[in-house]
Amino acid sequence: MDTLAKLEILADAAKYDVACTSSGMDRRAQKGKLGSATGAGCCHSFTADGRCISLLKVLLTNYCVCDCAYCVNRRSNDVPRAAFTPRELADLTIGFYRRNYIEGLFLSSGVVRDADYTMELMIETLRILREEEGFRGYIHAKSIPGASSGLVELLGLYADRLSVNIELPSQSSLSLLAPEKGKSDIIKPMALIRDGIQASADEVRLARRNYLGSRAKRFAPAGQSTQMIIGATPETDHHILQLTGALYKSFGLKRVFYSAYLPVNDDARLPSLDTDVPLTREHRLYQADWLLRFYGFEADELLPVEQPSLDLLVDPKAAWALRNADRFPLEVNKASYEELLRVPGLGVTCAKRLVKARVRHRLTFDDLRTLGISLKRAGWFVTCNGRMADGFCFDPIKARVHLEDATRTTGAGRKLKRGMVEGQMSLFGAPSPRATDPMARRGHRDVLLVAARGQRLKATEITPSGLPAADPLLQGEVSA
Ligand code: SF4
């Protein structure tokens, strides 16, 4: 099988993993080495359906000895299979990097033979990239559940970010749908990665304090993340947010990613194949997650036990404010920074601007507008010098009606101008039929044209993925 055929199969098989954004990693280019990673992340291009693909997101292999019910790559599925050798994948990554198609690698794998053997192959791939090719670009690698501690530690010395997918939000769901994976196969490496990151950060801090340059390799400097499938099992949003809160606190995760369940297998243990993909629920979970990480909310506050599901028509912060109407309206000239953060429509930047500006004088609504604060949502919850803005009153019922209308107009989980649309990313296939976002398409087209100019190709010679159709790299002539 040639490289292109393998790439088509293995990049397509990787699309269900959503935990692939990159952030928090800065590494300058170095003479004699290749590539760099920036703190702003290395995601620059988007597929027609809005997902970022500038990391080469690929599986080492989609052969798998496991039979997880929800997974397209499970051993009982009759799907085309392929496997890269570590050298092939390293060469492909370097080739793509040199052609400016990608800025890093997101590497996962099915379990071939056993977890340790798979990890050894992944480590060898990263070793070739880092040590033989001098590649300093961003690498996000998945640790295989059940792998030995020593291998997880080694993987973390080559990768910027590690993740162990929790996949399902409870032990009972895991036993039902992924019986070969135990809870400890997931929790143990997470704890190991947390400790490795901590020890590595301590070592760097100590070296800096003593004015000693530390030449030791950093362990997973961009932290760890995980992914949870939403909607395949009956766990409530309350349960998911509780688990998320605990994961952030106990394992210092950078991100928990939520993947709306996309039915790919006909299996009695799963929702039927015509089940809608719960994208709005996924979007609300991301919003709630953001509140946990940056706005000082606790999981219990966002969803009380008696109300276990997130409101799909109103975002989680607005839903919290409407449930806690006795705390509003807030006087912007007096409220603390923490209180301001809880006002719907006020983000961290606006709350900071507000606190800074009111030191000089008492603020009016005109001042708020000058500071770039939109009153469309916040107007229902704040006063300036004791009065509400024109056209607003403090009435939670009216506020809810307006907030729901805004959701209906713009669509929850979708930005009409550019961004998320329904469907899953496809690196090589035609754009998803549901991908109707004109701006996303235009962005995609721009990427193709830039690629075309770089390669001196006509636009017609480009594949839907943005890779030139006649690229020798894709015809099996892999050269670094
Ligand atoms: S171990 Fe991973 S690749 Fe294998 S069936 Fe389970 S989810 Fe799929």
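User: Where is glutamate 167 placed?

Analyst: Glutamate 167 sits in the loop between strand E4 (161–163) and helix H5 (171–177). Helices (H or I, at least four residues) and strands (E, at least two) are DSSP runs, numbered from the N terminus. This is a predicted model: local features need pLDDT of at least 70, side-chain atom pairs count only at pLDDT 80 or more, and totals for chains, interfaces and linings use all residues. Residues are numbered from 1 along each chain as its sequence is written.

User: What is the phi of glutamate 167?

Analyst: Phi is near 60°, a positive value in a residue other than glycine. Most residues other than glycine have a negative phi, and most peptide bonds are trans.

User: Which label does asparagine 385 get, buried or exposed, and why?

Analyst: Asparagine 385 has 11 other C-beta atoms within 10 Å, so it is exposed. It is found in the loop between strand E8 (382–383) and helix H15 (396–410).

User: Why does glycine 32 count as exposed?

Analyst: It has 6 C-beta neighbours inside 10 Å, so it counts as exposed. Glycine 32 is in the loop between H1 and E1. Glycine 32 and glycine 134 lie 102 residues apart in sequence, and 7.7 Å apart in space, C-alpha to C-alpha.

User: What joins phenylalanine 328 and proline 329?

Analyst: A cis peptide bond, with omega about 0°. Proline 329 is in the loop between helix H10 (316–323) and strand E7 (330–331).

User: What makes H4 and H6 oblique?

Analyst: The axes of helix H4 (residues 149–158) and helix H6 (residues 183–209) come within 10 Å and cross at roughly 45°. Axes are lines fitted to C-alpha atoms, for helices over the stretch in contact, and angles run from 0 to 180 degrees between N-to-C directions. Angles under 35 degrees count as roughly parallel, over 145 as roughly antiparallel, 65 to 115 as roughly perpendicular and the rest as oblique. H4 and H6 are therefore oblique to each other.

User: Which residues make the contact between H4 and H6?

Analyst: H4 brings Ser149, Val152, Glu153 and Gly156, while H6 brings Pro189, Leu192, Ile193 and Gly196. Two residues are in contact if their C-beta atoms, placed from the backbone, lie within 7 Å.

User: Why are H3 and H4 called roughly parallel?

Analyst: The axes of helix H3 (residues 115–132) and H4 come within 9 Å and cross at roughly 25°. H3 and H4 are therefore roughly parallel to each other.

User: How many residues of each class are in the contact of H3 with H4?

Analyst: There are eight nonpolar, no polar and four charged residues. Ala, Val, Leu, Ile, Met, Phe, Trp, Tyr, Cys and Pro count as nonpolar, Asp, Glu, Lys and Arg as charged, and the others, Gly among them, as polar.

How values were computed. Buried ≥ 20, exposed ≤ 12 C-beta atoms within 10 Å, placed from the backbone.
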